[in-house]
Amino acid sequence: MSINKLTLAISILAITTVSTVFQDARAMQERETTDLMHSVAMHKRQEVEKLKDKYIRRQDNNGNTALMYAGMYNNFQAVSSLKDEMRMQNDEGETALMMAAFRNYDNFIPLVMEELGMQDNKGQTALHRAAGGYSVYTVGLLLQEADIKDNEGMTALYYAAKGCETGALENIEKILPMTPFADIEKTLIASKEQLGELNLGFCEDKKIRMRQIVNALETKLSELELLKQQIEEQKQSIKQGYEDIDKIRQELRKTRQDSSMLPSFMQAEIDAK
(Lines give C-alpha, C1' and ligand atoms only; values in the text may rest on other atoms or scores of the structure.)
Protein backbone atom coordinates (compact mmCIF):
# COMPACT_ATOMS: atom_id res chain seq x y z
CA MET A 1 0.00 0.00 0.00
CA SER A 2 1.37 3.43 -0.93
CA ILE A 3 1.94 6.14 1.68
CA ASN A 4 -0.93 8.22 0.27
CA LYS A 5 -3.37 5.29 0.48
CA LEU A 6 -2.21 4.46 4.01
CA THR A 7 -2.65 8.08 5.07
CA LEU A 8 -6.12 8.12 3.55
CA ALA A 9 -7.07 4.90 5.35
CA ILE A 10 -5.84 6.28 8.68
CA SER A 11 -7.75 9.52 8.11
CA ILE A 12 -10.98 7.65 7.33
CA LEU A 13 -10.54 5.49 10.46
CA ALA A 14 -9.93 8.59 12.61
CA ILE A 15 -12.99 10.36 11.20
CA THR A 16 -15.13 7.25 11.75
CA THR A 17 -13.92 6.92 15.35
CA VAL A 18 -14.58 10.58 16.13
CA SER A 19 -17.99 10.34 14.48
CA THR A 20 -18.87 7.29 16.61
CA VAL A 21 -17.81 9.07 19.78
CA PHE A 22 -19.97 12.09 18.93
CA GLN A 23 -22.93 9.86 18.05
CA ASP A 24 -22.60 8.04 21.38
CA ALA A 25 -22.32 11.35 23.24
CA ARG A 26 -25.40 12.72 21.47
CA ALA A 27 -27.36 9.54 22.18
CA MET A 28 -26.42 9.67 25.86
CA GLN A 29 -27.48 13.32 26.03
CA GLU A 30 -30.86 12.46 24.52
CA ARG A 31 -31.31 9.69 27.10
CA GLU A 32 -30.80 12.23 29.93
CA THR A 33 -27.85 10.42 31.43
CA THR A 34 -26.19 11.34 34.71
CA ASP A 35 -22.57 12.37 35.07
CA LEU A 36 -21.93 8.95 36.59
CA MET A 37 -23.27 7.15 33.52
CA HIS A 38 -21.16 9.33 31.25
CA SER A 39 -18.03 8.67 33.33
CA VAL A 40 -18.70 4.92 33.25
CA ALA A 41 -19.12 4.98 29.46
CA MET A 42 -15.87 6.91 29.07
CA HIS A 43 -14.01 4.58 31.49
CA LYS A 44 -13.11 7.44 33.84
CA ARG A 45 -12.42 5.37 36.94
CA GLN A 46 -11.62 8.20 39.37
CA GLU A 47 -14.72 10.14 38.32
CA VAL A 48 -16.86 7.05 38.86
CA GLU A 49 -15.59 6.79 42.45
CA LYS A 50 -16.35 10.47 43.09
CA LEU A 51 -19.86 10.37 41.62
CA LYS A 52 -21.20 6.96 42.66
CA ASP A 53 -22.65 8.03 46.03
CA LYS A 54 -24.55 10.92 44.44
CA TYR A 55 -25.98 9.12 41.42
CA ILE A 56 -26.10 5.41 42.36
CA ARG A 57 -29.36 3.66 41.30
CA ARG A 58 -30.40 6.63 39.15
CA GLN A 59 -31.87 5.72 35.74
CA ASP A 60 -31.98 7.53 32.41
CA ASN A 61 -35.26 8.05 30.53
CA ASN A 62 -35.04 4.47 29.19
CA GLY A 63 -34.51 3.06 32.65
CA ASN A 64 -30.80 2.30 32.16
CA THR A 65 -28.47 2.45 35.16
CA ALA A 66 -24.76 3.21 35.35
CA LEU A 67 -24.10 -0.54 35.69
CA MET A 68 -25.97 -1.10 32.44
CA TYR A 69 -23.76 1.48 30.77
CA ALA A 70 -20.80 -0.45 32.12
CA GLY A 71 -22.27 -3.51 30.40
CA MET A 72 -22.74 -1.61 27.14
CA TYR A 73 -19.20 -0.23 27.13
CA ASN A 74 -17.40 -3.19 28.74
CA ASN A 75 -16.26 -1.17 31.74
CA PHE A 76 -15.68 -4.18 34.00
CA GLN A 77 -13.51 -2.09 36.33
CA ALA A 78 -16.57 -0.06 37.36
CA VAL A 79 -18.66 -3.06 38.46
CA SER A 80 -17.31 -3.16 42.02
CA SER A 81 -18.35 0.48 42.48
CA LEU A 82 -21.87 -0.14 41.16
CA LYS A 83 -22.87 -3.30 43.03
CA ASP A 84 -25.94 -1.58 44.48
CA GLU A 85 -27.44 -1.49 40.97
CA MET A 86 -27.20 -5.26 40.52
CA ARG A 87 -30.45 -6.91 39.34
CA MET A 88 -32.04 -3.61 38.34
CA GLN A 89 -33.90 -3.64 35.01
CA ASN A 90 -34.63 -0.93 32.45
CA ASP A 91 -37.96 -0.21 30.75
CA GLU A 92 -37.46 -3.23 28.45
CA GLY A 93 -36.62 -5.47 31.38
CA GLU A 94 -32.95 -5.65 30.37
CA THR A 95 -30.09 -6.08 32.83
CA ALA A 96 -26.38 -5.27 32.71
CA LEU A 97 -25.67 -8.98 32.19
CA MET A 98 -27.94 -9.10 29.14
CA MET A 99 -26.26 -6.08 27.59
CA ALA A 100 -22.79 -7.55 28.10
CA ALA A 101 -23.89 -10.98 26.82
CA PHE A 102 -25.32 -9.48 23.62
CA ARG A 103 -21.94 -7.86 22.97
CA ASN A 104 -19.93 -10.94 24.03
CA TYR A 105 -18.02 -9.11 26.78
CA ASP A 106 -16.56 -12.22 28.36
CA ASN A 107 -14.52 -10.35 30.98
CA PHE A 108 -17.57 -8.42 32.22
CA ILE A 109 -20.07 -11.28 32.48
CA PRO A 110 -18.48 -13.19 35.42
CA LEU A 111 -18.73 -10.04 37.55
CA VAL A 112 -22.54 -9.75 37.26
CA MET A 113 -23.59 -13.40 37.55
CA GLU A 114 -26.04 -12.41 40.31
CA GLU A 115 -28.34 -11.45 37.44
CA LEU A 116 -28.27 -14.95 35.96
CA GLY A 117 -31.75 -16.31 35.26
CA MET A 118 -33.45 -12.92 34.99
CA GLN A 119 -35.75 -12.33 32.01
CA ASP A 120 -36.64 -9.19 30.08
CA ASN A 121 -40.14 -8.15 28.96
CA LYS A 122 -39.98 -10.69 26.11
CA GLY A 123 -39.02 -13.43 28.54
CA GLN A 124 -35.49 -13.62 27.17
CA THR A 125 -32.37 -14.21 29.25
CA ALA A 126 -28.76 -13.22 28.73
CA LEU A 127 -28.20 -16.61 27.04
CA HIS A 128 -31.02 -15.94 24.57
CA ARG A 129 -29.10 -12.83 23.52
CA ALA A 130 -25.68 -14.44 23.38
CA ALA A 131 -26.74 -17.64 21.61
CA GLY A 132 -27.19 -16.02 18.22
CA GLY A 133 -23.67 -14.56 18.29
CA TYR A 134 -20.26 -16.02 17.70
CA SER A 135 -18.71 -16.21 21.18
CA VAL A 136 -18.68 -19.81 22.37
CA TYR A 137 -17.04 -18.74 25.63
CA THR A 138 -19.88 -16.32 26.45
CA VAL A 139 -22.46 -19.04 25.84
CA GLY A 140 -20.49 -21.39 28.09
CA LEU A 141 -20.75 -18.92 30.97
CA LEU A 142 -24.54 -18.78 30.75
CA LEU A 143 -25.54 -22.43 30.29
CA GLN A 144 -27.59 -22.46 33.51
CA GLU A 145 -30.22 -20.51 31.54
CA ALA A 146 -30.44 -23.12 28.75
CA ASP A 147 -33.85 -24.52 29.77
CA ILE A 148 -35.55 -21.13 30.25
CA LYS A 149 -38.19 -20.28 27.65
CA ASP A 150 -39.12 -16.82 26.43
CA ASN A 151 -42.67 -15.57 25.88
CA GLU A 152 -42.76 -17.37 22.52
CA GLY A 153 -41.91 -20.66 24.22
CA MET A 154 -38.40 -20.78 22.76
CA THR A 155 -35.13 -21.63 24.52
CA ALA A 156 -31.72 -20.21 23.65
CA LEU A 157 -31.09 -23.22 21.38
CA TYR A 158 -33.67 -21.89 18.93
CA TYR A 159 -31.89 -18.53 18.65
CA ALA A 160 -28.49 -20.16 18.23
CA ALA A 161 -29.88 -22.12 15.27
CA LYS A 162 -31.86 -19.21 13.88
CA GLY A 163 -28.85 -16.89 13.86
CA CYS A 164 -26.92 -19.37 11.72
CA GLU A 165 -23.80 -17.25 12.14
CA THR A 166 -20.17 -18.30 12.30
CA GLY A 167 -19.79 -20.21 15.57
CA ALA A 168 -23.48 -21.17 15.71
CA LEU A 169 -22.73 -24.88 15.55
CA GLU A 170 -20.28 -24.62 18.47
CA ASN A 171 -22.89 -22.71 20.49
CA ILE A 172 -25.50 -25.36 19.71
CA GLU A 173 -23.19 -28.18 20.77
CA LYS A 174 -22.70 -26.44 24.13
CA ILE A 175 -26.40 -25.72 24.69
CA LEU A 176 -27.79 -29.07 23.48
CA PRO A 177 -26.97 -31.17 26.58
CA MET A 178 -28.83 -28.66 28.78
CA THR A 179 -31.95 -28.41 26.58
CA PRO A 180 -35.15 -30.44 27.12
CA PHE A 181 -36.06 -33.02 24.43
CA ALA A 182 -39.25 -31.23 23.31
CA ASP A 183 -37.36 -27.97 22.76
CA ILE A 184 -34.76 -29.71 20.60
CA GLU A 185 -37.58 -31.12 18.46
CA LYS A 186 -39.14 -27.66 18.14
CA THR A 187 -35.81 -26.13 17.13
CA LEU A 188 -35.20 -28.88 14.56
CA ILE A 189 -38.55 -28.21 12.89
CA ALA A 190 -37.82 -24.47 12.72
CA SER A 191 -34.28 -25.11 11.42
CA LYS A 192 -35.55 -27.36 8.63
CA GLU A 193 -38.01 -24.67 7.59
CA GLN A 194 -35.20 -22.10 7.60
CA LEU A 195 -32.99 -24.42 5.55
CA GLY A 196 -35.78 -24.74 3.00
CA GLU A 197 -35.93 -20.94 2.72
CA LEU A 198 -32.13 -20.69 2.40
CA ASN A 199 -32.16 -23.25 -0.40
CA LEU A 200 -34.16 -20.75 -2.45
CA GLY A 201 -31.42 -18.15 -2.11
CA PHE A 202 -27.74 -17.83 -2.94
CA CYS A 203 -26.05 -17.62 0.48
CA GLU A 204 -23.98 -20.82 0.29
CA ASP A 205 -22.17 -20.26 3.60
CA LYS A 206 -25.44 -20.04 5.52
CA LYS A 207 -26.82 -23.09 3.71
CA ILE A 208 -23.79 -25.13 4.76
CA ARG A 209 -24.02 -23.94 8.37
CA MET A 210 -27.75 -24.61 8.54
CA ARG A 211 -27.29 -28.14 7.15
CA GLN A 212 -24.66 -28.74 9.83
CA ILE A 213 -27.06 -27.42 12.48
CA VAL A 214 -29.90 -29.67 11.25
CA ASN A 215 -27.56 -32.67 11.25
CA ALA A 216 -26.38 -31.91 14.79
CA LEU A 217 -29.96 -31.60 16.05
CA GLU A 218 -31.04 -34.82 14.33
CA THR A 219 -28.05 -36.67 15.76
CA LYS A 220 -28.81 -35.45 19.29
CA LEU A 221 -32.47 -36.42 18.97
CA SER A 222 -31.49 -39.91 17.80
CA GLU A 223 -29.18 -40.28 20.79
CA LEU A 224 -31.93 -39.15 23.17
CA GLU A 225 -34.47 -41.47 21.55
CA LEU A 226 -32.08 -44.40 22.05
CA LEU A 227 -31.49 -43.33 25.66
CA LYS A 228 -35.24 -43.09 26.28
CA GLN A 229 -35.69 -46.58 24.85
CA GLN A 230 -32.94 -47.98 27.08
CA ILE A 231 -34.46 -46.32 30.14
CA GLU A 232 -37.89 -47.72 29.26
CA GLU A 233 -36.42 -51.22 28.91
CA GLN A 234 -34.74 -50.86 32.30
CA LYS A 235 -38.03 -49.71 33.84
CA GLN A 236 -39.82 -52.74 32.36
CA SER A 237 -37.07 -55.02 33.67
CA ILE A 238 -37.38 -53.52 37.16
CA LYS A 239 -41.18 -53.83 37.00
CA GLN A 240 -40.88 -57.50 36.02
CA GLY A 241 -38.46 -58.03 38.91
CA TYR A 242 -40.99 -56.61 41.38
CA GLU A 243 -43.71 -58.82 39.91
CA ASP A 244 -41.49 -61.90 40.32
CA ILE A 245 -40.80 -60.94 43.95
CA ASP A 246 -44.55 -60.60 44.58
CA LYS A 247 -45.14 -64.08 43.15
CA ILE A 248 -42.47 -65.56 45.41
CA ARG A 249 -44.02 -63.84 48.43
CA GLN A 250 -47.45 -65.21 47.52
CA GLU A 251 -46.01 -68.72 47.17
CA LEU A 252 -44.32 -68.39 50.58
CA ARG A 253 -47.59 -67.31 52.19
CA LYS A 254 -49.40 -70.24 50.60
CA THR A 255 -46.67 -72.61 51.81
CA ARG A 256 -47.02 -71.25 55.35
CA GLN A 257 -50.80 -71.61 55.18
CA ASP A 258 -50.48 -75.20 53.96
CA SER A 259 -47.94 -76.00 56.64
CA SER A 260 -50.34 -74.78 59.35
CA MET A 261 -52.53 -77.80 58.59
CA LEU A 262 -49.79 -80.24 59.67
CA PRO A 263 -49.55 -81.83 63.14
CA SER A 264 -47.91 -79.61 65.74
CA PHE A 265 -44.69 -81.68 66.03
CA MET A 266 -44.16 -81.40 62.21
CA GLN A 267 -45.01 -77.66 62.24
CA ALA A 268 -42.39 -77.07 64.94
CA GLU A 269 -39.82 -78.94 62.87
CA ILE A 270 -40.59 -76.79 59.76
CA ASP A 271 -40.41 -73.55 61.78
CA ALA A 272 -37.07 -74.63 63.21
CA LYS A 273 -35.72 -75.07 59.70
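1. Helices (H or I, at least four residues) and strands (E, at least two) are DSSP runs, numbered from the N terminus. Read in that way, the protein has twelve helices and zero strands, and from the N terminus on its elements run α-α-α-α-α-α-α-α-α-α-α-α. The model is predicted, with local features needing pLDDT of at least 70 and side-chain atom pairs counting only at pLDDT 80 or more, while totals for chains, interfaces and linings use all residues. Residues are numbered from 1 along each chain as its sequence is written, and side-chain values use heavy atoms, with hydrogens and water left out.

2. On the protein as a whole, buried residues make up 39% of the 273 residues, where buried means under 20% relative accessible area, exposed over 50%, and partly exposed in between (1.4 Å probe, protein chains only). The accessible surface comes to about 16,700 Å², and 53% of it belongs to carbon and sulfur atoms; such areas come from the Shrake-Rupley method with a 1.4 Å probe, and for residues only the protein chains shown count as cover. Among the contacts with a separation of 6 or more, 68% are accounted for by residues 24 or more positions apart, a contact being heavy atoms within 4.5 Å.

3. The largest nonpolar core has 55 residues, and of these L142 and I175 touch the most other members. A nonpolar core is a set of buried Ala, Val, Leu, Ile, Met, Phe, Trp, Tyr and Cys residues joined through side-chain atoms within 4.5 Å. Leaving aside neighbours within four places in sequence, L142 is in contact with L97, A101, I109, L116, A126, L127 and A130.

4. Helix α8 and the residues on either side of it can be read together. Seven of the eight residues of α8 are buried, so this helix is largely enclosed by the rest of the structure; the buried ones are A156, L157, Y158, Y159, A160, A161 and G163. T155 lies in the loop between α7 (136–141) and α8 (156–163), and T155 is itself buried, with a relative accessible area of 2%. Not counting residues up to four places away in sequence, T155 touches H128, A146, D147, I148, K149, T179 and D183. After α8 comes C164, whose phi is positive, near 50°.

5. H43, in the loop between α2 (35–41) and α3 (45–55), has a positive phi of about 60° although it is not a glycine, and H43 is partly exposed, with a relative accessible area of 40%. N104, found in the loop between α5 and α6 (126–131), also has a positive phi of about 60° and is not a glycine, but N104 is buried, with a relative accessible area of 14%.

6. S39 lies in helix α2 and is buried, with a relative accessible area of 5%. Leaving aside its neighbours within four places in sequence, S39 is in contact with K44, E47, V48 and L51. F76, by comparison, has its place in the loop between α4 (66–72) and α5, and at 35% relative accessibility F76 counts as partly exposed.

7. Grid points are joined across faces, edges and corners, and a volume is the space filled by probe spheres set on the points. The largest pocket has a volume of about 150 Å³ and is lined by N62, N64, M72, N90, D91, E92, E94, M98, M99, F102, R103 and R129. Helix α5 (residues 96–102) gives the most to this lining, with three residues.

8. The structure holds one cavity of 30 Å³ or more, and R45, V48, N75, Q77 and A78 line the largest cavity.

Methods. 1 Å grid on protein atoms, 1.4 Å probe; cavity = no way out; pocket = protein on both sides within 12 Å on 5 of 7 lines; lining within 4 Å.
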